[in-house]
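Trainee: I have a new model open and would like to learn how to read it. Could you walk me through it?

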Amino acid sequence: MRSIGDAFEIYAVGESTMMGAHTRPKISIPALVAAMFGGRVGDRPIVVHMLARAGHPLYAQMIAFGEANGLKMRGHTLL
């Protein structure tokens, strides 16, 4: 996944809570944030990249984040 034009991109990492797995209806945290802003930040549309995976360790998601952004993650820490 590369940058989508002039979009405001949200990258979500985490597990089931980030994905909204424990809510009815299923509402993810990034979807709530996007809704709070009406799907836009200024004139930029919000695009959510859901990298969160239930039961997956954060390290795997860090690698997915790096790949989504074309980053070289060797020797770096994602906080």
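Mentor: We will go from the overall layout to the sheet, a helix, and then the surface. This is a predicted model, where local features need pLDDT of at least 70, side-chain atom pairs count only at pLDDT 80 or more, and totals for chains, interfaces and linings use all residues. Residues are numbered from 1 along each chain as its sequence is written, and side-chain values use heavy atoms, with hydrogens and water left out.

Trainee: How many helices and strands are there in the protein?

Mentor: The protein has three helices and three strands, and along the sequence they follow the pattern β-α-α-β-β-α. Helices (H or I, at least four residues) and strands (E, at least two) are DSSP runs, numbered from the N terminus.

Trainee: What order do the strands take in the sheet?

Mentor: The three strands form an open sheet in the order 1-3-2, with mixed pairing, where two strands count as paired if DSSP finds at least two bridges between them. Strand 1 and strand 2 (40-41) stand at the edges with a single partner strand each, so one side of each has no neighbour in the sheet.

Trainee: Which way do strand 1 and strand 3 run, parallel or antiparallel?

Mentor: Strand 1 and strand 3 run parallel and are joined by five bridges, with Tyr 11 opposite His 49 in strand 3. Strand 2 and strand 3, by contrast, run antiparallel with two bridges, and there Arg 40 stands opposite Pro 45. Strand 2 and strand 3 also form a hairpin with two residues between them, and Gly 42 in the turn has a positive phi of about 65°.

Trainee: Changing topic, which residues of helix 3 are buried?

Mentor: In helix 3, the buried residues are Gln 61, Met 62, Phe 65, Gly 66 and Ala 68, where buried means under 20% relative accessible area, exposed over 50%, and partly exposed in between, with a 1.4 Å probe and protein chains only. Seen down the axis of helix 3, they fall within an arc of 160°, so they line one face; the arc is that of the directions from the helix axis to the C-beta atoms. Tyr 59 and Glu 67, on the other side of helix 3, are exposed.

Trainee: And how many salt bridges does a search of the whole structure find?

Mentor: The search finds one salt bridge, meaning a side-chain nitrogen of Lys or Arg within 4 Å of a carboxyl oxygen of Asp or Glu. It joins the side chains of Asp 6 and Arg 44 at 3.9 Å, N to O. Asp 6 lies in the segment before strand 1 (8-12) and Arg 44 in strand 3 (residues 44-50), so the pair ties together parts that are 38 residues apart in sequence.

Trainee: Are those two partners buried, partly exposed or exposed?

Mentor: Asp 6 is exposed, with a relative accessible area of 53%, whereas Arg 44 counts as partly exposed at 29%.

Trainee: What share of the 79 residues is buried overall?

Mentor: Buried residues make up 25% of the 79 residues in the protein.
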